[in-house]
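Please look over the sequence and the model, and then read on.

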Amino acid sequence: YGFGAIRSVQLVVDPPAVRRGQHATLRCLYDLDDSPLYSVKFYRGLREFYRYSPGQQPSKKIFPFPGINVDSSLSDNRQVVIKNVGFGLSGNFSCEVTADAPSFSTATEHINMQVVGKLPNADNPYVTATA
């Protein structure tokens, strides 16, 4: 690894299957080695909807996106929380991490978020779901 390299980026959805009307947390897990953070951006498809830039004021920016209601108080440089998730949000999400000067190296990770009407076997605790 060279100086300023982004060692790893991983994007996790919590919960893995989001129930319609519930909140979803997208966690962007990254290791910047010794570089400071320049920005973390979250996208739905190709459109950015949340950005965290520690060197700017305000550091949190939320961009209008139909169906995405960001909870700013729970969102930061590692995660974004979407309130009241609807079926239309099923699909591709990504986070893009950029290290600050001198490298400005960038890494992106994608994940597919699934929004469900009800969780499998939620009504019957005696039936277990199989993977």
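## Overall composition

Of the 131 residues of the chain, 39% count as buried, and it should be kept in mind that the model described here is a predicted one. The accessible surface of the chain comes to about 7,500 Å², and carbon and sulfur atoms account for 50% of that surface.

The secondary structure consists of 10 strands and 0 helices, so that reading along the sequence gives the pattern β-β-β-β-β-β-β-β-β-β. Among contacts in the chain with a separation of 6 or more, 55% are between residues 24 or more positions apart.

## The open sheet

An open sheet is formed by 4 strands, which follow the order β1-β3-β8-β7 with antiparallel pairing. Because β1 and β7 (69-70) stand at the edges and each has a single partner strand, one side of each is left without a neighbour in the sheet.

Strands of a sheet pair through backbone hydrogen bonds, in either a parallel or an antiparallel manner. Here β3 and β8 run antiparallel and are joined by 4 bridges, and Leu26 stands opposite Val80 in β8.

## The nonpolar core

The largest nonpolar core has 30 residues, and those with the most contacts inside it are Leu26, Phe42, Phe49, Val97 and Met113. The elements that give two or more residues to this core are β1 (8-14), β3 (24-31), β4 (37-44), β5 (47-52), β8 (79-83), β9 (91-99) and β10 (106-116).

Notes. Residues numbered from 1 in each chain as written. Predicted model: local features only at pLDDT ≥ 70, side-chain atom pairs only at ≥ 80, totals over all residues. Heavy atoms only, no water. Core = buried A, V, L, I, M, F, W, Y, C linked by side-chain atoms within 4.5 Å. Buried < 20%, exposed > 50% of the residue type's maximum accessible area, 1.4 Å probe, protein only. Pairing = 2+ DSSP bridges. Contact = heavy atoms within 4.5 Å. Areas by Shrake-Rupley, 256 points an atom, 1.4 Å probe, with all protein chains shown as cover.
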